[in-house]
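Thanks for making the time this morning. I would like to walk you slowly through one structure, so please keep the sequence and the model in view while I talk.

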Amino acid sequence: MIFGKRVRLRGVEKKDIEQFVVWLNDPDVRNNLLIYWPMTLWEEEEWFEGLKKRESAEKPLAIEVNTPDGWQLIGNSGFHQVDWKNSSAEVGIFIGDKDYWNQGYGSDAMRLLLKYGFNSLNLNRIYLHVFDTNPRAIRAYEKVGFVHEGRLRQDIFLNGSYVDVLMMSVLRSEWTTEK
Ligand SMILES: CC(C)(COP(=O)(O)OP(=O)(O)OC[C@H]1O[C@@H](n2cnc3c(N)ncnc32)[C@H](O)[C@@H]1OP(=O)(O)O)[C@@H](O)C(=O)NCCC(=O)NCCS
């Protein structure tokens, strides 16, 4: 497990996926992700079965917070498109439990992902895509050091309009644990 001060990242277990389906069907969550069709439990079960074949660095990491009642699942995260030749990877995150939004948990989890990506996976560039309609996520990423590097104009059709998608990244040379 990867421990931070308030959150920890652990491997996803089968028992998590029922909760993921609930969260991924919440429009407030889903409208910020590439999911555009109602999610079913069997699809999530297929996704989970597929994880066994993925290389370790691309396996998802459940996000848990430390509460008085113990560790509580609040979301999911992980690296994709890991490119060992060029030492880069895309990172993704969602906090499904909206009670935990805007309290710094997303940026805490992202700090841990950056630390793990640079210090353990030996990545040089960690990047992400975020919808222009998602100021909370953009702010969370800026806080931990992501730099704006591009705009894919009208890349996504979402709720009746085309939305720009922003590209952001952090390089190992500019990454600091102070952020
Ligand atoms: C995006 C997400 C991971 C961020 O996690 P979080 O714990 O809510 O974020 P944090 O509390 O760390 O930071 C959010 C920041 O955005 C700010 N914010 C919130 N709403 C905002 C708005 N409408 N405009 C500008 N800033 C906003 C908060 O004030 C906070 O900044 P601050 O610490 O300077 O005050 C989480 O909200 C989430 O998973 N949302 C749904 C799915 C999603 O969007 N995933 C990301 C896809 S790219």
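Predicted model: local features only at pLDDT ≥ 70, side-chain atom pairs only at ≥ 80, totals over all residues.

In strand β3, the bridge partner of Leu-9 is Ile-63, and this belongs to a set of five bridges that join β2 to β3, residues 61-67, with the two strands running antiparallel. Strands here are DSSP runs of E with at least two residues, helices are runs of H or I with at least four, both numbered from the N terminus, and two strands pair if DSSP finds at least two bridges between them. Residues are numbered from 1 along each chain as its sequence is written.

Strand β2, residues 7-11, is also joined to β1 by two bridges, again antiparallel, and a hairpin connects β1 to β2 through three residues. Phe-3 sits in β1, residues 2-3, and has Arg-8 as its bridge partner in β2. Is Phe-3 buried or exposed? Because it has 11 C-beta neighbours inside 10 Å, Phe-3 counts as exposed; the rule, with C-beta atoms placed from the backbone, is that 20 or more other C-beta atoms within 10 Å make a residue buried, 12 or fewer make it exposed, and anything in between is partly exposed.

Stepping back to the protein, there are five helices and eight strands, and of its 179 residues 25% count as buried. The radius of gyration, taken over C-alpha atoms, is 16 Å, which agrees with the value near 16 Å that a compact globule of 179 residues would have, the globule rule being 2.2 Å times the number of residues to the power 0.38.

Now to the ligand, which is surrounded by 22 residues, the closest being Asn-32, Gly-106, Ser-107, Pro-135 and Arg-139; a residue is near a molecule if its C-beta atom, placed from the backbone, lies within 6 Å of it. The elements that give two or more residues to this shell are β5 (88-95), α4 (105-119) and α5 (135-143). Which element gives the largest share? That is α5, with six residues.

The buried residues of α4 include Gly-106 and Ser-107.
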